[in-house]
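Dear colleague,

I am handing over the structure we spoke about, and you will find it directly below.

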Amino acid sequence: MADTKVEESSMAGSWEGSWLVGTALGLYCGGSTSGWHRAGRYEFKVTSIVRQGDGAAVVGSEGGLWKAPRAGADWLQLHDDVLTLVQDVSPLPGDPGVLAATAYGVHRASRDELGALRWRSCPPTLDSPPQLDDCFSTAILVDPDDPSRWYVGTEAGLLIAEDEGGTWRRTDIQGTAVRALTRAGGLAGGLVWAGTDAQGLLVSSDGESWRPAGEGLAGIPIFDIAHTSEGDVLVGTEEGVMVGDGAGRWQRVGPPIRAAAVAAATSGGQLWLAGGSPGGLWHSEDRGINWRQAAGMPHSVEALAAPRPQVETAEPDG
Amino acid sequence: MSRQEEYNSAVTARAHQIMSVMAEKTKTMWGAHAIMDQEGDAGRASELIFAVLGKEATGPFARVGAGTFDTLAAVTLVRRWGDVLSVEAVERVRRLMTDGVLHRGNTENHWLMHYTAQILALEHWPEIGTWWNGLSRQVAHAEATRWITGMIERTAVQGHHEYDSPQYHLCHVLSMIALADHAADDHLRRQADQAATLYIADMALEYFKGGWAGGHSREGYRQNTWTRSGSITGLQYLYFGGEEFDPAQHCHDMLGPALTACYRPPALLADLAWDREKPHVVKKTKAPRSIYRHARQSVSPTRKYTFMSRSFALGSTQVGLPGPPAGPIDLVSWDLTWSGPRHAAKIVCNHPFRGAGRFGAFLGSLPQGIGRAIATDKPYLQYPDRLFGASPYERMVQHEGAILLLYRIPEDDEAPYVNLYLPATVAWEAGEEGWLFGDGGEFYVGLRPIGSYHWERIREEDLIDGWLLRIGDRYAGLALEAVEASDTDFATFQRQRSAAALDLSDWPGPGRAGLVTTGGHRLEIVFPDAPPGEGDESHLLDGVAIDYSAYPLYEAPGVAAPLGTGKMILRHQGETTELDFQIDPDRELIPMRVIG
């Protein structure tokens, strides 16, 4: 049964407490109780979202890369005439704060004499000549402990770049597309997770050696991974949302959609979201037992970002 | 009066002829140029701006989006007629360009129109410091200029990516004309002027009596069975003349900015377009197509070979694609064309390759869903009787008026057959050795389907109307030869064509087949011992391998244009046009980032 009505938001201001939903027709914000609102009239197909420290969101899209400061505000173009077809973004210290995975490879930016962001490709230098599928980058994860180390999912497998793209190497994950990369914190224990087209969900403690994460996902294409504050792992797959702990058998929950995106509240709640491509936006408020579709949302949801955890502000020193 | 002056006057006269019709009915911003030129009715033209762009809404979310076609149409209108359009209409365009949400699109023509409109708007409203995308005027201008000049250089050095498209070539020409007329920067204006001439030369070299012969990067649904397809026919009439004015064919609204532009191409291009007295071959090199995944090797340059005869043209393409599943959706690789009504003068065949992976090869969406997603909006791209769209299993070799096409379609392919279109207006005769013959009046054609086939009727509104021969064989093929009627008689041609060898003794078996032309030349294709669609096959002419890599940028009588130089010389009957894009060979070309 569909619920929450979608409307165009007149809300302007910080959206740190809102969910962000990247769809084929733009960015939406809101929550299961407050309803969903289109965050302005930018109807770009959103493929990826990264929240930044200033409360803004960086939005990857088919047409480029944008900074969305807050709900209702004008967006700022971050791409140039080189960057397009952004598949994924990952936080990277510095300006503009992200590394981009695109159909034409990994790109990073610097400023030119006009102060404009200029993106350049970081082509993989491998022991064997990279093929087209080695460059088509579908997922990216900058190691939060060592930002010079990048995990790059491609149509051909998983690559690791060291020294900010200075050296590259293949990993054991080859011969399959890697469309999802996460590094879990908290209870999951700092592991790197990789979702593949043909080899299911894999997990590694060092990025070098990989093992299947749990049972029952082999051969099912995986598009997104999310970790809940309770230690559950949500996996968006071709057959819907799977939930498990990464060791035992995965259980399918929710509607049988191509779940291109999954997300879970990072604190203070049990809300899970799943984005179908197609299938629209679905949510569960009871850890996946019951699911409802958000009415009126675009049919294709590609990316989700949970609200930022509410952090109690300490009294300033002095 | 010089030849060029005469020509310019003739172009102007045809422009007025077109605009007199266009002005009456147009409801587009493109056509508003005609309204202004013919009637000077700024009120009506201004109203069209609002009709197309809509009234601007109010409120914090009222930013109106626009695509690349609308932005170029609006800005060229303002740049040409802004001083007489209503203040409100010009302001509407200014608001769109400075505060709208503008989509850059994903094809080469999209980006070109987008960046052209940006430059023209940036220079028209220099007082605007921050633009629609939050960028400063300087940054936005630098980005647009960098891309356009970079793509001009790419085209001059290695050929056009989105090449020879009857549907989209006009977008390229219009953008260059607009920049040549209006851009502030001398270098950009000069480069754009030359690029416009280059694109029109592209049209001229394969122009055939109102149509565009040979292979095309992109052609519209069913349109590759038409003798005159796409919006380009109006531009061809404008610049080449030579045929009776046909409002239905020549008055496409998108011509508007070209009709009122100052730009004029060199007169000799029209002469080249109509000089078909002496049969000749045109060779072209085009840039590699944009394929970025699902391929084991990089894309090779595209090579075109078109035989321009007096009463027919036969053109083919070495598409350079890297094997399955790369198969651009609207590519047309070959055809035989002659003068005639819409459905009555084309022969073409195609394997309607349908694998969803072909969409994923040049689009970014999830491969798992892209087949159905594309088919939802454009179901005709997967129709079983489709006659356009590249197949990774098609190979062809041509010499003058003869061509041999072979297919090796895998067993598990969704469409294990080939569609062959024949006009229903020709009385086909069944000859010996499986040949079919047609008497085209001024020329004769013989064709020999390879594989068992049956006749079907194909008709869809005014989109297609003819015969569809379904060759139901995974190793299908076609041998075809056309000759001028002035060189022989029909009976002799039939006899000679039937007698000349079509050697299928090693087909499909070892993967080798040959065709001897009535002129005694032997064409052969030799496949490697590799799965269908993979590996490089050899093409032989009289036993010698054809070296497609030796093709220059352009080769035709009077044309000299080596690859990699950015220089081109065109000569015709004492006239000469030289293009020099002043390429710095040490400078790296900008990366290609769009579907082209």
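Which residue does Val178(A) stand opposite in strand 19 of chain A? The residue is Thr196(A). Please keep in mind throughout that this is a predicted model.

That pair belongs to the place where strand 18 of chain A, residues 178-183, meets strand 19 of chain A, and the two strands pair in the antiparallel sense over 5 bridges. Strand 19 of chain A is also joined by 4 bridges to strand 20 of chain A, residues 201-204, and these two again run antiparallel. Here Ala194(A) has Leu202(A) of strand 20 of chain A as its bridge partner. Strands 19 and 20 of chain A form a hairpin with 4 residues between the strands, and in this hairpin Gly200(A) takes a positive phi near 70 degrees.

Turning to the contact between the chains, chain A contributes 36 residues and chain B contributes 29 residues. On the side of chain A that touches chain B, the elements giving two or more residues are strand 9 (76-77) and helix 1 (132-135) of chain A. The residues of that side of chain A comprise 15 nonpolar, 10 polar and 11 charged.

Notes
Residues numbered from 1 in each chain as written. Chains lettered and ligands numbered in written order. Predicted model: local features only at pLDDT ≥ 70, side-chain atom pairs only at ≥ 80, totals over all residues. Contact = placed C-beta atoms within 7 Å. Nonpolar A, V, L, I, M, F, W, Y, C, P; charged D, E, K, R; others polar. Pairing = 2+ DSSP bridges.
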